[in-house]
Amino acid sequence: MNDHAYMARALELARKGLYSTHPNPRVGCVIVRDGAIVGEGWHVRAGEPHAEVHALRQAGELARGAAAYVTLEPCSHHGRTPPCAEALVKAGVGRVVAAMQDPNPLVAGRGLALLRDAGIEVRSGVLESEARALNAGFVKRMEQGLPFLRVKLAMSLDGRTAMASGESQWITGPQARAAVQRLRARSSVVLTGADTVLTDRARLTVRGAELGLEAEQAALALQRPPLRVLIDGGLRVLLDAPFFQAGPALVATVDGGERESYQAAGHDLLALPGADGRVNLPGLLRELAARGANEVLVEAGPRLAGAFARLGLVDEYQIFVAAKFLGSSARPLLELPLERMAEAPELRIADIRAVGDDWRIVAVPRV
């Protein structure tokens, strides 16, 4: 029995939910009997049947005595759907292999215990690192009460993000911009600052025509657009700006006295004053996690991106590098004032590859 091969297939199925399961985790399931796959399923969106239910329906009576491979511990509690652990017991499966235990305190081992108590053979930890990576945002939210924070940056070969005037469209090419659209689509939240919105007239929406996805995946991505969040401590962005005309948004600011006018325009205003007179960034992330945000994508200028970096809040940088120079007077990648080499934050390059005529570097802080 090749547990790793079947779990790899379950993870492949789980990735189909990359753009649609928020705030739930992405989960896949494979039912195997006598060395053959008899049922497959993946969780499509919150409120609908989980992966195990889809796989069991496909397997039918062939599920009895079969092995179920699930990328996350089957749930044991009643939410918007019945417990999947109970469904597996009722179907009569003989063995359950889970990639990882569910970090959700409502489950946290109870699903596996329920299966064992029913006499089902249980194994956990198969391809666990891959399963955790697929749901890094869900895991972090459950374990730390914070979302996974990803910062997208685009720069020239000399490390500049915009001309001195603020002009930045377009540093990178169409393939890189499509990759950014996919980053937005997979995120629970796309977050930016007032400077970016004012300078670029940014909307930060997901543009279906630029996703570069198959029709089914593109449709799912557009059904669940991310929440757009604007950090605007001084409320400098007016309500008639393109950002607000593009749909509902959440504005994080220092003083919530204008809440009624924003609500009347279909937006939400959240007052989060920090000790420095600016928006409390850790407090904002905790609030977004409380609202169910698993992954937050920051698309902002060097000041705001640098602020997240200085506070140690960044989990991953996605840096797109264009084969051009912008010159010494252009704006830097991050506003990160350092005086000594010893102060330089160390990163680990997790991935680097060509994206059209540009390069994408995925880097994570060393801990």
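Begin by selecting Met7, Ile31, Tyr69 and Leu115, which have the most contacts inside the largest nonpolar core, a set of 51 residues; such a core consists of buried Ala, Val, Leu, Ile, Met, Phe, Trp, Tyr and Cys residues joined through side-chain atoms within 4.5 Å, where buried means under 20% relative accessible area with a 1.4 Å probe and protein chains only. Helix 1 (residues 3–14) gives this core its largest share, six residues; helices (H or I, at least four residues) and strands (E, at least two) are DSSP runs, numbered from the N terminus.

The model is predicted, so local features need pLDDT of at least 70 and side-chain atom pairs count only at pLDDT 80 or more, whereas totals for chains, interfaces and linings use all residues. Residues are numbered from 1 along each chain as its sequence is written, and side-chain values use heavy atoms, with hydrogens and water left out.

A second, separate core has 35 residues, including Leu153, Leu284, Leu285 and Leu333.

Next, select strand 13 (residues 316–322), where seven of seven residues are buried: Glu316, Gln318, Phe320 and Ala322 point one way, and Tyr317, Ile319 and Val321 point the other. Which strands pair with strand 13, given that pairing requires at least two DSSP bridges? Strand 6 (residues 148–156) runs parallel to strand 13 and is joined to it by seven bridges, with Met155 partnered by Val321, while strand 16 (residues 358–365) runs antiparallel with five bridges, Ala363 being the partner of Tyr317.

Terms used:
Buried means under 20% relative accessible area, exposed over 50%, partly exposed in between (1.4 Å probe, protein chains only). Two strands pair if DSSP finds at least two bridges between them.
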